There are 2 protein chains.
Amino acid sequence: MTLFSELQQLLGADRVQDSAQAEALLRDRHGRFVGRVVAAVHPRDTAEVAAVVRLCGRHTAPIVVQGGNTGLMGAATPDASGRAVLLLLDRLNRVRQVDTDNDTLTVEAGCILQHVQEAARAASRLFPLSLGAEGSCTLGGNLGTNAGGVAVLRYGNARELTLGLEVVTADGQIWDGLRGLRKDNTGYDLRDLFIGSEGTLGIITAATLKLFPLPAAQCTAFLAFASLARAVAFLSHARRGFSAGLTAFELLSVDCLRLLREQFPASPLPFPELEQPWYALLELSDHQDEAHARALFERVLGDALENDLLVDAWIAESLAQSEALWCLRETMSDAQKCAGQNMKHDISVPVSQIVAFVESTDALLQQHFPGVRNYTFGHLGDGNLHYNVAHAPGRSVAEHMANYAALSQLVHDSAHAHGGSISAEHGIGQRKRDLLARYKSPVELELMHRIKQALDPRGLLNPGKVLPEASA
Amino acid sequence: MTLFSELQQLLGADRVQDSAQAEALLRDRHGRFVGRVVAAVHPRDTAEVAAVVRLCGRHTAPIVVQGGNTGLMGAATPDASGRAVLLLLDRLNRVRQVDTDNDTLTVEAGCILQHVQEAARAASRLFPLSLGAEGSCTLGGNLGTNAGGVAVLRYGNARELTLGLEVVTADGQIWDGLRGLRKDNTGYDLRDLFIGSEGTLGIITAATLKLFPLPAAQCTAFLAFASLARAVAFLSHARRGFSAGLTAFELLSVDCLRLLREQFPASPLPFPELEQPWYALLELSDHQDEAHARALFERVLGDALENDLLVDAWIAESLAQSEALWCLRETMSDAQKCAGQNMKHDISVPVSQIVAFVESTDALLQQHFPGVRNYTFGHLGDGNLHYNVAHAPGRSVAEHMANYAALSQLVHDSAHAHGGSISAEHGIGQRKRDLLARYKSPVELELMHRIKQALDPRGLLNPGKVLPEASA
């Protein structure tokens, strides 16, 4: 019997699609990667996932897991061999448990992130993971890539928000590690090994997540800085002044704002004259009340103005104004899209290296690629910049993109030289896989290969992703 | 040449001790475990640690790393075979870097925890890991066991406080993973695999740690509760009211306080009549100032009194009073020692299961071991109780301790049945090693064994610790 027929027998014909039926799932969102499969399957529960894995094992068929297909690195797209089975977890979308006294939520991997946030809110709690794709990405994808987003500064990545996991192993066993414990020192940290492994070590089917109190009040402001160094100094000031109340600090260069103004002229900018080189969106979350939040916010901002850390601050006076500020930040991706393709780099460096990184990388770019334009924005508090580079005026996008390999290498080399990472929050997938050999030490790559070999000795879980080919 | 001579040649004779010279290091603090070694060695830097590991590899000699020798599970004590080399990291005690803009500190594994705290404070920052042994335990031991302590509620375990590691692998290579990055999604999470592995997967030689702003003010109170359920409900109330300002919530049963009164009659108790069954030490850390802290503290406690969550609250009016409250909490270990040996259990359960766990376990104990006395205290906010059991009045300590295996199994079975852990913060070592087979699933044990095999295929790193013997 063929694998396709056996899958149909296992799951029923309506939950097994062939390549033609599954076509939309076989390419990533940006059309960079396209693959083929034996079948795309939709198991209904963890036991069925395990059965699919065992069946694929008997047929030596690779397995590629896909969540909302919103990833940027091609981690969820199968290769072109047509040998793989695409595993969709969309039917595993139950909230299994809400435990308010323990401040935890147990949900299945196929849950849309926004539904997880809503389930928390329905229990008067906050699940703080938040990112642009939250309306369509799934928790399983968030965990597979250790997703970041706009609240990492206060709450950490997906990893820090997870207490327990349920995982189907490469040989189709189920590991029930769904513990809702803040402290459990009984052996190796399997949880964190599976998180961020992009489906190459096991298949995450459910997770127990941390919940937090909902803030009683929030204040948002748009800030103008005379230099990037002042923005970094302000961040330090805000950390002292707000402590854990500092829940977002999103940096945007003046060029980003100019682009927003060009692309969306109807959206009002807080500082329409755009006289400063750097801007940031600041958010304070307060556990007391509006009055306290506002007084503290104004005091900390006032001190910063007095000490020249800030040039100006525009404080949102209503929820609508606050939402408009967030909207500015969130339309940056669209604004870039409308302005034509650019080269995106999701880098991080220690916060203390941000200024040196930006200044030296900007200068190197102008030296080697005269006239290119930087659109730098991102999560300054995490040292994570989306350091994007657009074509020089007078040159075409195509000419610019032809320099992709050399220009990106310059940016990545610079991040690496500043103690940084070439993928802060987007992962590795197939897109950055071969870069790892340049930026990871041989000993680290060897340790990764050994772990892969230990947990997936037949190499059937998401082959060709994350790990560069082992050197001979 | 013998291993001993080669070690002397490598390090110099003054940094290589024989078993007789190293005698004090070959037993754990409580004298439960005693071992023998070929030598105890004191390398001066990471390269020397790697050289020792390679040398031991050539002689097929096991390596046991030891920090401050304060562990409770015998993880740092070699076995009796006399084949091992004991590796002391006391010379690796440098602070390599303080990066205030990045809020990180890079220190070597041999640093005493208190010195790490002091280095942070000298930079006007907080390194929040804090536990009873902080004056003598080392950061390496803290990371090897993923130490917990009194500030986990707000800041997490040692794991959550660590951004990067330097590790010597089983084959004597050096992995430089000392990254000071909040976001880095470039491959498998090796860091968290080494943390908590108790020296069985690699030897941690340095770490880059997270720093936090120093609180501007702190308030401490001693609280009296009519029941354990009220204490749990109060905790939820305090989380909402204080949010991240809630930095400690240490529970003590009335029997613990009676014991303290008996053993240290000179120490004044906030509620000398001891009329309630449960008490707790509460700490608020505030980033504004004394006045704000005090007003918030009184408001949240006032609301709790009004809603009957609390029976009474005794607020410390001075630093001296606050320190006296902490002293009460910290002398619990000594008080128990003075009262004669008891059976200690470092368990955790979801906070929502605390009441059910304590009530059912107390009842089961009385049924099977009539008259035994509970001394239950611990970190309620983490679901982590030190659930200690002393002899029944009229029975000897020796008679009581003869029941150790059966009584402890009852307690551990109960924690496990309530979704809990048999070792919340003390680790496994050799003492709890064989219990894992009872409480871990075969699939989890198999994954652990595979990882051990992958990273230490010759089994030379701290053999006999953490992992139960592989089943045939």
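Between domain 1 of chain A and domain 2 of chain A, three residue pairs are in polar contact (both at pLDDT 80 or more). A polar contact is a pair of N or O atoms within 3.5 Å; within protein, one must be able to donate a hydrogen and the other to accept it, and residues adjacent in sequence count only if both atoms are side-chain atoms. Helices (H or I, at least four residues) and strands (E, at least two) are DSSP runs, numbered from the N terminus.

This is a predicted model, in which local features need pLDDT of at least 70 and side-chain atom pairs count only at pLDDT 80 or more, while totals for chains, interfaces and linings use all residues. Residues are numbered from 1 along each chain as its sequence is written, chains are lettered from A in the order in which they are written, and side-chain values use heavy atoms, with hydrogens and water left out.

Domain 1 spans 3–88 and domain 2 spans 95–213 of chain A; such bounds come from an automatic or database domain assignment. Their centres, taken over C-alpha atoms, are 22 Å apart. The count of salt bridges between these two domains is zero, a salt bridge being a side-chain nitrogen of Lys or Arg within 4 Å of a carboxyl oxygen of Asp or Glu.

| Parts | Residues in contact | Buried area | Carbon and sulfur share |
|---|---|---|---|
| Chain B and chain A | 86 residues and 86 residues | about 7,000 Å² | 53% |

In chain B, the residues that lose the most area to chain A are B:Lys183, B:Asn185 and B:Tyr188, together 15% of what that side buries.

Across the interface of chain B and chain A there are twelve salt bridges and 51 residue pairs in polar contact (both at pLDDT 80 or more). One salt bridge joins B:Glu444 and A:Arg179, whose closest N and O atoms are 2.4 Å apart. Elements giving two or more residues to the chain B side include α9 (290–306) and α16 (442–455) of chain B. The largest share, ten residues, comes from α16(B).

Methods
Contact = heavy atoms within 4.5 Å. Buried area = accessible area lost by both parts, 1.4 Å probe.
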